Amino acid sequence: MNETKNMNKEEGKMVSLIKRMEYKLASSIRYKLMVLMLSVMILPVLILIVFLINISQKNYEKEVVTSNESRIILAGKYVEEKLKESDKILFASLIDEKLIPSISQSNDENIPLNFSTLDYIQDKVSAIYYQNDHIDSISIYAKESKQVYSLLDSEFRVFRLQTIKETNWDKLGVNPNYIFNNGKTKQNFTLTRSIIRFEDRKIVGGISIDINWDIVDSVIDMLKTEQEESSVYIINNRGEILYNPNLAAKNKGFQRFVQQINNSKKEEYYFKTQNSYVFFQKSLNNKVAVVKVIPKKVMMKGAAKAIVYGIVISMLSIILTIILSIYMSLKTTKPIIQLVGAMQEVEGSNFNVKIKTERLDEIGLLEKRFTTMVYKIKELIDKEYKSEIATKEAQFKALQAQINPHFLYNTLQLVGGMAVAHNTASVYTVISALSDMFRYITGKQGDFVLIEDEIEHIKNYLHIQNERFEGNIETNIFIEEGAESYIIPLLTIQPIIENAFNHGFEQKVGKWKLTIEVENVFDDIEITIKDNGIGILEEKLVELREQINNTSNQLFGKGSIGIKNIAARIHLYFGNDYGLNITSERGKGTIVVIRIPAKKKMEGLA
């Protein structure tokens, strides 16, 4: 009876434990992710262990073949490129204007010119010899005199050939290509070219250089990835070894290698024999080949290591998978909890909430979008608040400025009438311009005007200034056709021109020049104002740019409506993508570019 009771208790505990686990899984996304990731990640790792053991040898073989194929192709191209570079040394000598006449002269010791000619040839071969570290010797052959000028081991010699048979000079011809031969030693090769007189295409001699094969040692070292296990050769199409960098013994069946290489197709770079893997790349029109031989035992060693490494890595992967699944589940659910907390903060009117994230997945995107949304809400609230304050302050300033405008108009008209009565037309035009300006400033309804109205206002202002400074101002106004019908914030251009007079022209000596250009650039309007004033100091220009680019500047601060307030108004009306750009060079003048969107009528703008 007691045993039965104990068993029932144990079963009850087990059922209770299972129910608690089921409840945690049902109520927590964290535990669900943990169990799911463990199940999904461990099973593939176990399958991977078996898979690695079965195919590790094939993978290793494929890796070795692929890497050696690419290296042998690169080595062949490198050898051919070095041969071409060596040929350039020969070719450069052929276009020497003094060399052909020098070797064409007869060998007459009574002619003094021959001594200077000999010195010239000696200098020529010495320059080529000492400028190229891989050149073992250089020779120039004069066909007419059968003399050879040679530099070998830093010793310059001149000798006459009795016969040119069985020498490279016997093979000279009009062929534009060089002659390639194996060198006198197993460690170098010879390149020979004919020297042809351009006037009659006659062969007057030849030039030959012996180049040490160590010129390609860098690429040979690249091929020696298996250290002492593999062998690298450079051979010709007859199977002769042209270069054996490590003086390795020939592999068995080497002649069969050569036969298979010669009979191979264009896109073939390796083949297998009973005991070896042979990689090759033909160069120089199949006359030369770079050959690498890897014994099969190297592949077997590599495969055994790969199997051991695969088992060790797989076991570590299982452990890492367990840790990683727990970590990922915690990391995945943590930002969700953090996001919920941030939403609660915003619900409590805290718009300074920022979620910093470096995640690139959907959760990271959700965090970034949430931060952007909160920022935009805050920005809209701030913009609405600033707009309301700015409107009230603008209305207050306008009230201050409007000191009975009708009385001012009547007074100006009275003064204008008096000026006409006394035949002072210039006074009348100035007063008329000033009257139009005040009417423009105080009579407009709303914050926006047409560009043509703003420009007309500027013309009145410039007329007054021109009269004031006795015609010392040269102005040029250009408006692109159609641009005059777009809208612009009221009094955008005049403060910039005022700055030009107050700061640019104030100390300027000579004629003052002012240019205003209005252009339609894609979907924007660009208004460029140029002057030839004294310019702005670099420190002041940097400070001014910082102020106009600072979107948090308060609108309508102390003083008159200046450049900073213009930039702030444009940012407020059209956004931070629009505004002012100022460039200036001390002593040469200043350029201000106003950029606003091309809008007609109000189109929803305040």
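These legends go with a set of close-up views of one predicted model.

Residue numbers start at 1 along each chain as its sequence is written, and side-chain values rest on heavy atoms, with hydrogens and water left out. Because the model is predicted, local features need pLDDT of at least 70 and side-chain atom pairs count only at pLDDT 80 or more, while totals for chains, interfaces and linings use all residues.

**View 1**
Of the 606 residues, 38% are buried, where buried means under 20% relative accessible area, exposed over 50%, and partly exposed in between (1.4 Å probe, protein chains only). The accessible surface is about 37,100 Å², and carbon and sulfur atoms own 55% of that. Those areas come from the Shrake-Rupley method with a 1.4 Å probe, and for residues only the protein chains shown count as cover. Among contacts with a separation of 6 or more, 61% are between residues 24 or more positions apart; a contact here means heavy atoms within 4.5 Å.

**View 1. The largest nonpolar core, and a second one.**
A nonpolar core is a set of buried Ala, Val, Leu, Ile, Met, Phe, Trp, Tyr and Cys residues joined through side-chain atoms within 4.5 Å. The largest one takes in 49 residues, and I140, F180, I195, W213, V216 and I234 have the most contacts inside it. Helix α2 (residues 29-94) gives this core its largest share, eight residues. There's also a second, separate core of 46 residues, with I458, Y486, I493 and L580 among its members.

**View 2. Around I195.**
Which residues does I195 contact, leaving aside neighbours within four places in sequence? The list runs L94, L99, I100, I103, I140, K202, I203, V204, G205, G206 and I207.

**View 3. Strand β6 and its two partners.**
Strand β6 (residues 202-212) is mostly covered, with 10 of its 11 residues buried. Strand β5 (residues 188-197) pairs with β6 in the antiparallel sense over 10 bridges; two strands count as paired if DSSP finds at least two bridges between them. L191 has I209 as its bridge partner in β6. The two strands make a hairpin with four residues between them, and R201 in the turn has a positive phi of about 55 degrees. Strand β1 (residues 135-142) also runs antiparallel to β6, joined by seven bridges, and A142 sits opposite G205.

Six of the eight residues of strand β16 (residues 524-531) are buried, so that the strand is mostly covered by the under-20% cut-off. Strand β15 (residues 512-521) pairs with β16 in the antiparallel sense over eight bridges, with E517 partnered by T528. Two residues separate β15 and β16 in their hairpin, where F522 takes a positive phi near 55 degrees. Strand β18 (residues 589-597) is joined to β16 by eight bridges, again antiparallel; here K530 stands opposite I591.

**View 4. The cavity.**
How many cavities of 30 Å³ or more turn up in a search of the whole structure? One does. On a 1 Å grid over the protein atoms alone, a cavity is a set of points where a 1.4 Å probe fits but cannot get out, and lining residues have an atom within 4 Å of a point. Grid points are joined across faces, edges and corners, and a volume is the space filled by probe spheres set on the points. The largest cavity has a volume of about 50 Å³. Its lining is I235, N236, N237, V258, I261, N262, K282, N286, K287, V288 and A289. At least two lining residues come from each of β7 (231-236), α6 (254-262) and β11 (288-295), and α6 has the largest share, three residues.

**View 5. K564 in helix α14.**
K564 is part of helix α14 (residues 563-574) and is partly exposed, at 41% relative accessible area. Not counting residues up to four places away in sequence, K564 touches L544, Q547 and I548. The C-alpha atoms of K564 and Q547 are separated by 6.6 Å, though the two residues are 17 apart along the chain.

Note on methods:
On a 1 Å grid over the protein atoms alone, a cavity is a set of points where a 1.4 Å probe fits but cannot get out, and a pocket is an open set with protein on both sides within 12 Å along at least five of seven lines; lining residues have an atom within 4 Å of a point.
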